Amino acid sequence: MNPFDYERPADAGAAVATVASRADAAFLGGGTNLVDLMKLGVTGPSLLVDVTGLPLDRIEPLPGGGLRIGATVRNADAAADPEVRRRYPMLARALLAGASGQVRNMATIGGNLLQRTRCVYFQDVTLACNKREPGSGCAALHGYNRHHAILGASERCVAVHPSDMAVALTALDAVVQVQGPDGERAIPIADLYTGDDPERDTALAHGELITAIDLPEPAAAPSAYRKVRDRASYAFALVSVAAVLDVDAGGTVRDARIAFGGLAHRPWRASRAEAALRGAPATGASFRTAADAELAAARPLPGNAFKVPMARSTLAAVLRGLAAREAR
Amino acid sequence: MTSAPTGSRAIGAPVPRLEGRAKVTGTAPYAYDQPVEAPLYLAAVTSTSARGHITAIDTAAADRLDGVVAVLTHENAPRLASDENAELWVLQSDEVAFRGQLIGAVVASRPEIAAQAAGLVRVEYDARPHDVEPGPGRDDLYAPATVNTGLETDTIAGDVDAAMADAAVTLDRTYSTPLQFHVPMEPQTAVARWDRDGGGDRLTLYDSTQGVIRMRQIMAAVLGLPPDRVEVISPHVGGGFGSKLRPKAHHVLVALAARTVEGRPVKFALPRRLTFAGSGYRPSTVQRIRLGADADGRLTAIAHDAVGGTSKLVEFAEQTALATRTMYAAPNRRTTHRLAALDVSVPTVMRAPGEAPGMFALESAMDELAVACGLDPIELRVRNEPGRDPETGLPYSTRNLVACLREGARRFGWTDRDPAPAARLDDGWLTGTGVAAATYPAYPVIGPSNAAIRALAGGRYRVDIAAADIGTGSRTALTQIAADALAVPLDAVDLRLGESTLPAAAPAAGSMGLGGWGSAVIAAARAFREKYGTAPAEGAEAGATGAGVPGAGKVALHAFGAQFAEVRVHADTGEIRVPRLLGVFAVGRVVNPRTARSQLTGGMVMGLSAALHEHGVMDPGPGQVVTRDLADYHIAAHADVQDVDAVWIDEADPHYNELGAKGVGEIGIVGVAAAIANAAFHATGVRVRDLPLTPDAFLR
């Protein structure tokens with residue numbers, strides 16, 4: 001780890017200005033990922049601007065029925081919040097599916113969105129990684145790629161996004177509030193994560209600070225977050241599914257909102273599966289067809305071909321469960 | 001439980017760990033915590049080439065950093081005295097034998113500065129092609145002269161091929177186990193101070209080790225010091241599992257650094273990522289098992305051919321097929337071991353070396369044979385129970401495998417088991433149960449242990465022995481043994497261990513610790529009482545060497561056990577859970593039921609972890625293990641460990657030692673992976689022959 005400066009400003013404007021003033025400055029939230037990466041030499045900011053003292057730690061209702069979660073709210077606190085639990089249970093479950101109790105106590109909501117991939121090659125500075133060192137190649141492509149992407153990846157990078165929370169937020173159509181040197185803006189979560197350039201994880205510019213996540217009014221339909229991983233806790237998803245399923249009294253799917261985790265460099269909104277479901281009967285056959293529609297584009301690697309059947313059967317099982325809850 | 005020896009009061013009592021409070025309150029000083037004055041900190045430079053030579057090493061930027069006191073490389077390091085162990089020939093040449101090898105060190109005033117400076121060292125290599133994977137399809141496998149602990153490489157009796165051709169039922173299967181790492185919570189740590197006085201050079205080493213005497217001897221030889229000029233101190237060890245048994249390169253590195261900055265202590269804790277190439281591991285195995293049986297399931301042939309990897313630097317041959325030599329009766333038998341020599345770091349013993357991977361294969365195969373014969377797997381094992389050790393012909397001192405199986409069946413509720421696979425679905429989960437046998441040798445002690453006893457004031461006694469407590473509870477159990485041997489209350493005994501200045505003792509290895517050390521303590525107490533009676537003057541002192549193994553060469557000495565597992569596999573996702581594990585063991589007399597139970601259940605948890613999670617991945621491209629932290633090298637999390645219970649049957653084995661105690665350190669891990677794999681087959685109908693059993697194995 002290299003020496004670095006540390007500041008802890010009292011307001012967001014000062015934090016933004018400070019980071020913007022130095023090209024290799026970084027915001028520090030809970031530090032649960034950034035500090036690891038600094039120890040590993042993956043990143044070496046010369047200035048850390050600690051944002052955990054900013055007044056961004058509240059969860060409050062939005063006009064129009066939504067909910068705003070401040071960026072410095074700890075994961076554990078968001079998961080335990082009565083409004084989050086009552087109105088967005090899928091989000092609470094996704095939060096609790098991530099990391100460990102100790103990590104959730106430290107990690108912030110804003111930092112969670114910005115955590116980096118856990119690809120072993122990205123995290124090892126002695127190995128090739130285009131995301132860490134552009135042009136150096138992708139060691140994962142022909143290496144250990146059990147955990148890597150099957151959707152939306154390229155030869156340049158096959159890393160996956162590690163967050164559980166962001167998968168739920170994607171299915172919830174959350175909006176990310178950002179404050180930057182040039183003012184404030186709101187970014188739909190679908191647009192936060194960019195795709196094609198391994199070097200660039202998000203659409204945020206240097207100095208832009210996530211201040212809050214806005215959740216729209218929840219749909220009046222059952223939802224679920226299901227995570228499949230290699231051990232019972234404290235592991236990243238092999239496959240995860242966030243889903244909301246709205247079925248009418250006649251047993252026809254009115255609407256579905258589905259996102260996958262563990263399959264792509266970003267939370268993967270399963271638009272093709274959603275389209276296949278709308279207007280279809282809420283049956284196991286429809287659910288499998290919808291999963292196949294999304295996974296037809298899958299390009300598995302030698303080490304992760306299992307993710308295709310795993311994603312298919314997990315999504316079908318989640319939808320079956322939601323349909324059964326709705327029928328009750 | 002067997003009643004304790006006559007007159008015994010402490011042995012058999014569930015005495016809590018004497019140092020338990022200090023450990024859980026964080027006040028027990030481990031090696032790195034030792035209060036030394038004005039320490040310096042070491043950070044290592046490791047090779048990023050898997051084979052070749054260092055052509056240039058530039059330390060200028062590191063040297064310039066404020067706070068850096070010394071930078072060591074092969075170009076300037078002090079010379080060592082002995083290259084007998086190539087792994088310990090540290091910084092003596094430009095040769096690189098594996099990726100992650102220690103090739104330099106920075107010593108600085110703070111650990112952060114040392115780490116930063118280590119990152120500034122630039123190294124260039126003349127890299128050569130490397131070879132890091134043992135199989136398959138190699139034509140250069142070789143037979144080692146012996147396997148670990150000096151045992152025969154191959155044993156052959158009768159004609160397996162002919163018996164297989166004639167057998168009513170045959171099975172020919174290949175099983176594999178991956179690289180496994182010890183990952184003790186306390187990583188490898190050492191604090192070294194080099195002094196010079198009238199007697200010459202002197203090294204003090206605070207270390208996390210399974211044996212201070214062995215450490216002293218080997219370090220003295222490597223450094224060219226008389227053994228009495230090396231002092232090793234290791235009061236507490238946060239887990240070893242074999243990884244802290246032998247001196248490793250980091251010990252030499254920290255000693256070289258200490259010699260360079262003479263008079264100032266140098267502290268080094270191996271970062272977790274460096275432990276994967278720096279502290280040994282269990283090599284991967286590929287094992288072919290062939291079984292031939294008659295129509296009733298009586299074995300006529302049993303063959304176990306094991307292939308594993310080793311390092312070109314130092315050979316380590318895991319005794320993978322050893323257990324097969326003693327488990328079951330069959331007239332035609334064969335066990336073999338072959339190795340691939342690789343450009344990898346040096347493997348070492350890891351909890352139940354040999355038995356842990358070997359019994360996964362054999363006990364999975366026995367389950368497959370039971371299915372093929374239409375027999376209950378317990379009944380199959382009972383039918384193949386040998387009267388004498390099948391290979392040596394010696395009678396067993398005790399062999400209570402069948403008793404363990406029967407007791408386990410009773411406690412576990414095995415009797416009503418429907419043998420049909422994939423027949424039970426509970427709320428989306430396929431459920432099943434499985435069983436496997438366990439065994440572990442009661443090895444003859446690897447070296448005699450000595451103990452000394454001194455009378456203190458007020459009827460108290462000090463008991464000294466250079467034993468190790470690596471978290472097992474041996475400090476407590478030895479105190480119990482001493483109290484009974486002296487016929488005094490437990491709290492009248494002040495036991496010291498973990499220091500090389502104490503009477504020499506064997507290391508904690510091979511489940512031999514308590515038996516060997518306990519025999520020494522008993523002998524010392526006897527010598528003391530014979531010399532001084534029951535009212536010794538303060539300062540009276542006597543020592544003795546522990547007795548050997550009375551039954552050595554006359555009887556076959558083994559511990560046995562039976563592992564039962566209940567498994568649930570999710571029908572949609574393949575997730576696997578183990579709601580219940582029960583182990584029933586025959587391990588001789590149990591000295592401390594509390595710490596023994598912890599050892600056994602701890603072993604079972606490690607077996608569960610090997611069954612479901614542990615998978616060291618070697619990437620042949622860079623020639624490196626890429627699962628180098630606890631996020632990527634999974635061990636069982638708390639949520640994976642549910643109902644785990646260990647019990648033991650009434651047994652004492654006087655042929656092994658006076659206590660009648662066999663070891664409990666390793667047998668707990670043996671057979672667990674097979675029991676779980678067998679239960680997973682029962683649950684799903686899917687037979688997994690390659691560890692670990694991850695969810696993808698069960699997806700259709």
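Colleague: How many residue pairs are in polar contact between domain 2 of chain B and domain 3 of chain B, and what makes a polar contact?
Modeller: Three residue pairs, both residues at pLDDT 80 or more. The term takes a pair of N or O atoms within 3.5 Å; within protein, one must be able to donate a hydrogen and the other to accept it, and residues adjacent in sequence count only if both atoms are side-chain atoms. Mind that this is a predicted model: local features need pLDDT of at least 70, side-chain atom pairs count only at pLDDT 80 or more, and totals for chains, interfaces and linings use all residues. Residues are numbered from 1 along each chain as its sequence is written, chains are lettered from A and ligands numbered from 1 in the order written, and side-chain values use heavy atoms, without hydrogens and water.

Colleague: Why is the pair B:Asp629 and B:Arg273 called a salt bridge?
Modeller: Their closest N and O atoms are 3.3 Å apart. The definition wants a side-chain nitrogen of Lys or Arg within 4 Å of a carboxyl oxygen of Asp or Glu, so the pair qualifies. The count between domain 2 and domain 3 of chain B is one salt bridge.

Colleague: What makes up the buried area between those two domains?
Modeller: Buried area is the accessible area (1.4 Å probe) that two parts lose on being put together, summed over both. Here that's about 1700 Å², with 60% from carbon and sulfur atoms. On the domain 2 side, B:Arg99, B:Arg273 and B:Phe276 lose the most, together 39% of what that side buries.
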